[in-house]
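Take a look at the fold below. The paragraphs after it go from the whole chain down to single residues.

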Amino acid sequence: MPVFYSPVPEKLQVGLAYVGGSVFSHNRTADSDFSREQEDASAVNELVSHLPLQMLLYFNIFYFPCWWFSAVFMLEVKFHYLPGYYQALLITGMILLSVIEAVRLYLGYVGNLEEKVPELAAFCLLSFMFQLPVLLFFLTDEGILILPLERAVHSLYLLFLLAQVLASMLALRTMTRKLTLLFHLRQFGRVQSCGPVYGSPCRRAVLPASLTHDMYR
């Protein structure tokens, strides 16, 4: 004689799965799918903006005008004692640093706060490929008659640049891992355009827990 079982309500199933996942936190069977989905959603919705980088950018905005006025004043003091080619190099370097710095700080703010990888990568490249070589020229070439004030302000600016390059690389590493996680979530078809990268909240998805945990190692 066949035996018929009444189906368990869906809400009761979800509640039992949540309780089971909470009690058996290391259980990775099908009963813990709900808890894994919650872990994935929290990982995707978590902000990955780099706080040390943002602090460095904030202080850099206030320090750069002081550096610029000091460098221009020292350039005016020693300008007539320099050969013509050094005069041209110093003027060109000051113009490049001033223009690129404004663009660089903007890209750093946008890339870090809005978690945009292209802008943050451009910030890192501008810092490493343009600002750093010009500043090292100002700091190491004795032919430009380096004054004590110049050495002090250039050294502090160099520390800012090196710290920002290192912090931006760490931020890029975290953001690219989050984008990889978002890509895998969207491949399942249950998460569409989620997180601060896409500007909308995430929906539930199924993903192996190892991807979520590896993202923040």
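Two residues are in contact when heavy atoms lie within 4.5 Å. With that in hand, consider how the chain meets itself in this predicted model. Take the contacts between residues at least 6 apart in sequence: 70% of them join residues at least 24 apart.

What secondary structure does the protein contain? There are seven helices and zero strands. Along the sequence the pattern reads α-α-α-α-α-α-α. The protein has 217 residues, and 39% of them count as buried. The exposed surface comes to about 12,900 Å². Carbon and sulfur atoms supply 70% of that area.

Start with helix H4. H4 runs over residues 84-113 and has 30 residues. From its first C-alpha to its last, H4 reaches 44 Å. That is close to the 44 Å expected at 1.5 Å a residue. After H4 comes glutamate 115, with a positive phi near 55°.

Next is helix H5, which spans residues 117-140 and holds glutamine 131. Is glutamine 131 buried or exposed? Its relative accessible area is 1%, so glutamine 131 is buried. Which residues does glutamine 131 touch, leaving aside those up to four places away in sequence? The list is Leu96, Leu97, Ile100, Glu101, Arg104, Leu126, Tyr157 and Leu161.

Now turn to the surface. Helix H3 covers residues 51-78 and includes leucine 51. Leucine 51 has a relative accessible area of 58% and is therefore exposed, because the cut-off for exposed is over 50%. Leucine 51 is also part of a nonpolar surface patch. An α-helix has 3.6 residues a turn, so residues three or four places apart point the same way.

Last, the cysteines. A disulfide is a covalent bond between the sulfur atoms of two cysteines. How many disulfides does the model have, counting pairs of cysteine sulfur atoms within 2.5 Å? The count comes to zero. Cysteine 66 has 47% relative accessibility, so cysteine 66 counts as partly exposed. Cysteine 124 has a relative accessible area of 12%. Buried means under 20%, so cysteine 124 is buried.

Terms used
Residues numbered from 1 in each chain as written. Predicted model: local features only at pLDDT ≥ 70, side-chain atom pairs only at ≥ 80, totals over all residues. Heavy atoms only, no water. Helix = DSSP H or I, 4+ residues; strand = E, 2+ residues; numbered from the N terminus. Buried < 20%, exposed > 50% of the residue type's maximum accessible area, 1.4 Å probe, protein only. Areas by Shrake-Rupley, 256 points an atom, 1.4 Å probe, with all protein chains shown as cover. Expected span 1.5 Å × (residues − 1). Patch = residues over 30% accessible without salt bridge, like charges linked within 9 Å, V, L, I, M, F, W, Y side chains within 5 Å. Salt bridge = Lys/Arg side-chain N within 4 Å of Asp/Glu carboxyl O. Disulfide = S-S within 2.5 Å.
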